Amino acid sequence: MRRVPAPVDRGSAPGGYFGRALVADLPHGGAERLPLSEQVLRSCIGGAGLGAWLMHRLAPPGVDPLAPEAPLAFVFSPLVGTPLTTSAKFAVVAKSPLTGLLNDALASSHFAIAGKLTGHDALVVRGACEVPSVLVVDGGRTRVEPAFPLWGLPAAEAERRLRERLGAGFRVAAIGPAGERLVRYATVSHDGRHAGRGGLGAVMGAKRLKAVAVRGAGVKPPLADPEGVLVAARDLRERSFGPATAKYRELGTLANLLSFNAISTLPTRNFQAASFEDAPRLAAEELHELRGVARNNCASCTIGCEHIYAGRGGSRARVEYENVFALGPLCGVSDPDATLAASARCDELGLDTISAGGTIAWAMECAERGLIDAPWLRFGDADALLRALDEIAAREGLGDLLSEGSRRAAATIGPEAEAIAPQVKGLELPGYEPRTLQAMALGLAVNARGADHNRSGAYEADLSGELDRLAGGEGHAAAAIETEDRAAAMDSLILCKFLRGVFAEPWPEWAALLQPVTGWDMDERELKRTARRIVLAKRLYNLREGWTRAEDRLPERFLSEPIELDSGRQATLTPARLGGMIDAYYAGRGLDPDGRPEPATTAELDLDLFVRGASP
Amino acid sequence: MGRPKASLEWHGSTLLQRVVGIVARVVDGPVVVVRAPGQELPELPAEVALATDAREGRGPLEGIHAGLAALGDAASWAYVSSTDVPLLHPAFVRAVLRAAEREDADVALPVAHGFRHPLAAAYRTGLLPEVERLIAEDRMKPAFLFERVRMHELDEDELLRDRDLSRADPDLLSLLNVNDPAEYERARARSAPAVTVRRFGALARNGAGLEPLPVRAATLGEAATSAGVTLDRHVVAALNGDQISRDPDYPLATGDAVAFLAADAGG
């Protein structure tokens, strides 16, 4: 039966927006519509930026991330649904059960398009169900259905069955067993992609929400200049086939592995080394020829970065640098079959591969040092890695401790374990060695989400050749600010970061993309200011939740143990050097020495917009 | 020579550009170029500091004075080099500086091939007042300085006990200078340094390029050409797994391993 699009009242929303968010309350699924003013939309754009505003507005101060009243938001952007390549993205935003701070995890899939076309710029879920359930948002209508048969299934299987039951027009975001058991780094999955970092799957699990299913009402919000959007989309599409994206297209992000190994930035055995003797066995340059079987695109993407490799016994695994680094060198595992199997297992269980690998690698070192009693858990032991993943998702045995993440687990053991826990603010480090990438060291230390490479791309400055990557200083701080601002802009527009190399002049080019969609006369300067506002909006939320400067740091290991490069040079990062970079970062961001916005910064960036909206 | 040595060409660079680049690879402080009053120099990187001899033609002590004065307290040690050493190797500079620090002398002076080499030596920057006194006394030879300070002479055996140097420059060609047109022509006839190049990621087409390929290249730009890589904004090079550069004029030395990587490290 053909569905008739329901009329959507957008009021006076700008192009690309519906001008409202849907706020659904569990367990009954009753919903209200939260108007989003043009001032809010222009100040936050969408995605991570709008998500930060929603959390300021809707999350009760001091809320437990796993409490029913903690909101969980799926946030879209003005570009979603346009023909602009890589724009089918959304941000899942909540207070993180891993960090206790604001967390936004981005992913690309048809869920973004279907979710937005329900007639909302964001879907927010509050409350909790008494039994495992599914929230169904069908156009403007919401309902809650029981999900007993789906509970315990991998997210992909739950998604498949749910679409079979509801109809193919529905798109589904679901959690796996790890989310159901409140593993603090559980993911939210859809179309085989994952909103991976910060444990948002546990937030869904705490609400006993197996999945959110969405179906669009069939009406897109008008664009201010449809022909202009088409022209921009054609141009961007052409450029997306060029050299800037060759790495992603030809080998995927796993191409980083051997390069990073060559320059001593490949974290190995819980960051005890920065190069891995067996790196070639896991390298894209080798594996691609031997095992590459398919390449996938996200929805509305012309890059196609996702490379699928064949594993032992005919299995298939999605391969990216971060999952291979975390489940390979970081755990001392060199068998590609084992690493691919561990990666696939994380996807089935719904575990963030970086936090899972980081926490297990930390536990391996603790076991070696006799800090925990787990003689079976040793670096390089692939069976132990797979066993640990299963125990984590089941919260059984040692897994119950490890499911809390390395920061909480280390706190139960003592200072020696805490010194080597590879985390900032509770979020495990990605595959970038901070001692040999010292702009990145700063980015990892100060970012609001914790140690993260998608919110701070400061490694770009380290690898540009324009700074000495082993001698962090004020120039590194300036570079960290710029890359963080760029990430905030891309995460709010939203565009895939793999596209960033095609923009020779990103700020004016991004502003130019926004103009025909929204009709705003936003220029480069306003967009930069908006990005700075979004970065500080996240910091303001964290300040509200009790963050202090003491959390802008790196684990003691990085500040006391040098790393020797193949050239013989020592890479050393001292507390004084990192502290100096943090001071320079605060000064560059208009923060006081405690990391709080100065009054002039608050005024310039209109940060009161967030403070005003802090209470529901 | 008939021409300023600083501007003589050697495998795509001037001698001055090459020496400045090689020294900069080793030291962690500023590089100072001392010139005669009014002397024109080839183009140099913006971060290179310039100083000028107080008086022209007064010998090396005048230049050492100007260089030490320009450094001020920016460093404890200065490596002093002449311009005309096309085969200067970073390992030589490193070995001399290491010896200076190790021996706690005021000057670490190589003595090799039958000569002392005051313009391939390390000087404590605190020697500036002593140098000023000598100039005031019109005693303009470095030998007069050596009489007054704590010296450590580095003979060939001691130099080559440095394993990096003995591997990179066993014949101590770092000390080979060019004093006349014939010597310059002989230096030009020498091959560019033997280095290896590798390509990673999408630059390693179907895996080809991952193994180190021996080539001759005096600069990063020449190495890129040999590797079939264009040094644009999408590509960077890592030198010996250490510093990152995309400067085509970056000088290479024998034994260097160059890795070409995608500039975009995201993922």
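Residues are numbered from 1 along each chain as its sequence is written, while chains are lettered from A and ligands numbered from 1 in the order in which they are written. Because the model is predicted, local features need pLDDT of at least 70 and side-chain atom pairs count only at pLDDT 80 or more, whereas totals for chains, interfaces and linings use all residues.

**Chain B as a whole**

Select chain B. Its secondary structure is nine helices and 14 strands, taken as DSSP runs numbered from the N terminus (helices are H or I, at least four residues; strands are E, at least two). The radius of gyration, taken over C-alpha atoms, is 19 Å, close to the 18 Å of the globule rule for 267 residues (2.2 Å times the number of residues to the power 0.38), so chain B is as compact as a globular protein of that length. The C-alpha trace spans about 70 × 40 × 40 Å along its principal axes. Of the 267 residues, 45% are buried. A residue is buried if 20 or more other C-beta atoms lie within 10 Å of its own, exposed if 12 or fewer, and partly exposed in between, with C-beta atoms placed from the backbone.

**The two domains of chain B**

Colour residues 5–185 as domain 1 and 192–262 as domain 2; the bounds come from an automatic or database domain assignment. Their C-alpha centres lie 28 Å apart. Across the boundary, 12 residues of domain 1 are in contact with 10 residues of domain 2, contact being C-beta atoms, placed from the backbone, within 7 Å. On the domain 1 side, the elements giving two or more residues are helix 1 (15–26) and helix 7 (163–168) of chain B. Helix 1 of chain B supplies the largest share, four residues. That side divides into three nonpolar, six polar and three charged residues. Here Ala, Val, Leu, Ile, Met, Phe, Trp, Tyr, Cys and Pro count as nonpolar, Asp, Glu, Lys and Arg as charged, and the others, Gly among them, as polar.

**Between the chains**

Now show both chains. The contact takes 25 residues from chain B and 33 residues from chain A. On the chain B side, two or more residues come from each of strand 12 (235–239), strand 13 (244–245) and strand 14 (257–262). Strand 14 of chain B gives the most, three residues. The chain B side comprises 12 nonpolar, nine polar and four charged residues.

**The sheet in chain A**

Select the strands of chain A. Six of them form an open, mixed sheet in the order 2-1-6-3-4-5; strands pair if DSSP finds at least two bridges between them. At the edges are strand 2 (30–35) and strand 5 (102–108), each pairing on one side only. The twist averages 20° from one strand to the next.

Zoom in on strand 4 (residues 89–95) of chain A, which runs antiparallel to strand 5 and is joined to it by seven bridges. A:K95 stands opposite A:L102. Helix 2 (residues 47–58) of chain A packs on the sheet, touching strand 1 (20–25), strand 3 (72–75), strand 4, strand 5 and strand 6 (122–126). Its direction makes about 30° with that of strand 4, where axes are lines fitted to C-alpha atoms, for helices over the stretch in contact, and angles run from 0 to 180 degrees between N-to-C directions.

**Last stop: A:A105**

Select A:A105, in strand 5 of chain A. This residue counts as buried because it has 26 C-beta neighbours inside 10 Å. Beyond its neighbours within four places in sequence, A:A105 is in contact with A:V92, A:A195, A:G196, A:R197, A:G198 and A:L200. A:T187, 82 residues away in sequence, lies 9.2 Å from A:A105, C-alpha to C-alpha.

Conventions
Two residues are in contact if their C-beta atoms, placed from the backbone, lie within 7 Å.
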